[in-house]
Amino acid sequence: DALKILIDIAESGLDTLPHEYAHYYIDMFRDSELVTQGIELFGSEEALVQAVGVRTVEMEGKARTWWQKFKDFIKKSLNKNKYAKEALLAELTDAFLTR
């Protein structure tokens, strides 16, 4: 089933969509050491998700280092078949940036 996020366009900023979408990624990998470290580093899950949203827009700061580790973690998780991995990663990235 598709998940829906309702956004108040009048109250949202550029980081709102990636912030809200990042909640799903954090939830999917909640038990991983990397997400645990991210929550600890930023002080809470919400602060981590906020950092991911800002990082997606600005690509700077502490979130950049964590985001790179998180992307590497996802890539390693998909490393079974290089073509499938690249295709799935491209699809996930496109979905993340457009939805």
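## Overall architecture

Of the 99 residues in the protein, 27% are buried. The model is a predicted one. The protein contains five helices and zero strands, and its elements follow the order α-α-α-α-α from the N terminus on.

The accessible surface of the protein amounts to about 7,100 Å². Carbon and sulfur atoms account for 54% of that surface. When contacts between residues at least 6 apart in sequence are considered, 49% join residues at least 24 apart.

A pair of aromatic rings is described by the distance of the centres and the angle of the planes. Two aromatic pairs are found in a search of the whole structure. One of them joins tyrosine 21 and tyrosine 24, whose rings lie 6.4 Å centre to centre with 65° between the planes, an edge-to-face arrangement. These two residues are three apart in helix 1 (residues 16-28), so about one helical turn separates tyrosine 21 from tyrosine 24.

Tyrosine 21 also pairs with tyrosine 25: the ring centres are 5.5 Å apart and the planes stand at 80°, so this pair too is edge-to-face. Tyrosine 21 and tyrosine 25 are four residues apart in helix 1, and about one helical turn again lies between them. Together, Tyr21, Tyr24 and Tyr25 make up one aromatic cluster.

## Salt-bridge network

Side chains of opposite charge can pair when their charged atoms come close. The structure holds two salt bridges. In one of them, aspartate 27 is bonded to arginine 30, with 2.9 Å between the closest N and O atoms. Aspartate 27 is partly exposed, having a relative accessible area of 46%, and arginine 30 is likewise partly exposed, at 32% relative accessibility.

Arginine 30 also forms a salt bridge with glutamate 45, where the closest N and O atoms are 2.6 Å apart. Arginine 30 belongs to the loop between helix 1 and helix 2 (33-42), while glutamate 45 is in helix 3 (residues 45-58); the pair therefore ties together parts that are 15 residues apart in sequence. Glutamate 45 is partly exposed, with 25% relative accessibility. Through shared partners, the salt bridges join Asp27, Arg30 and Glu45 into one network.

## Packing of helix 2 against helix 3

Two packed helices are described by the angle between their axes and the distance between the axes. Helix 2 packs with helix 3 at an angle of about 95°, and their axes are 7 Å apart. Helix 2 is thus roughly perpendicular to helix 3.

On the helix 2 side, the residues that meet helix 3 are Val35, Gly38, Ile39 and Phe42. Their counterparts in helix 3 are Glu45, Ala47, Leu48 and Ala51.

Leucine 41 lies in helix 2 and counts as partly exposed, at 47% relative accessibility. Its C-alpha atom is separated by 9.1 Å from that of tryptophan 66, a residue 25 positions away along the chain.

Glutamate 46 is found in helix 3 and is partly exposed, with 43% relative accessibility. Leaving aside residues up to four places away in sequence, glutamate 46 touches His19 and His23. The C-alpha atoms of glutamate 46 and histidine 23 are separated by 8.3 Å, and the two residues are 23 apart along the chain. Glutamate 58, also in helix 3, is partly exposed at 47% relative accessibility. Between the C-alpha atoms of glutamate 58 and leucine 14 there are 9.6 Å, and the two residues are 44 apart along the chain.

Conventions
Residues are numbered from 1 along each chain as its sequence is written. This is a predicted model: local features need pLDDT of at least 70, side-chain atom pairs count only at pLDDT 80 or more; totals for chains, interfaces and linings use all residues. Side-chain values use heavy atoms; hydrogens and water are left out. Buried means under 20% relative accessible area, exposed over 50%, partly exposed in between (1.4 Å probe, protein chains only). Contact means heavy atoms within 4.5 Å. Accessible areas come from the Shrake-Rupley method with a 1.4 Å probe; for residues, only the protein chains shown count as cover. Rings of Phe, Tyr and Trp (its six-membered ring) pair if their centres lie within 6.5 Å; planes under 30 degrees apart count as stacked, over 60 as edge-to-face and the rest as tilted. A salt bridge is a side-chain nitrogen of Lys or Arg within 4 Å of a carboxyl oxygen of Asp or Glu. Axes are lines fitted to C-alpha atoms, for helices over the stretch in contact, and angles run from 0 to 180 degrees between N-to-C directions. Angles under 35 degrees count as roughly parallel, over 145 as roughly antiparallel, 65 to 115 as roughly perpendicular and the rest as oblique.
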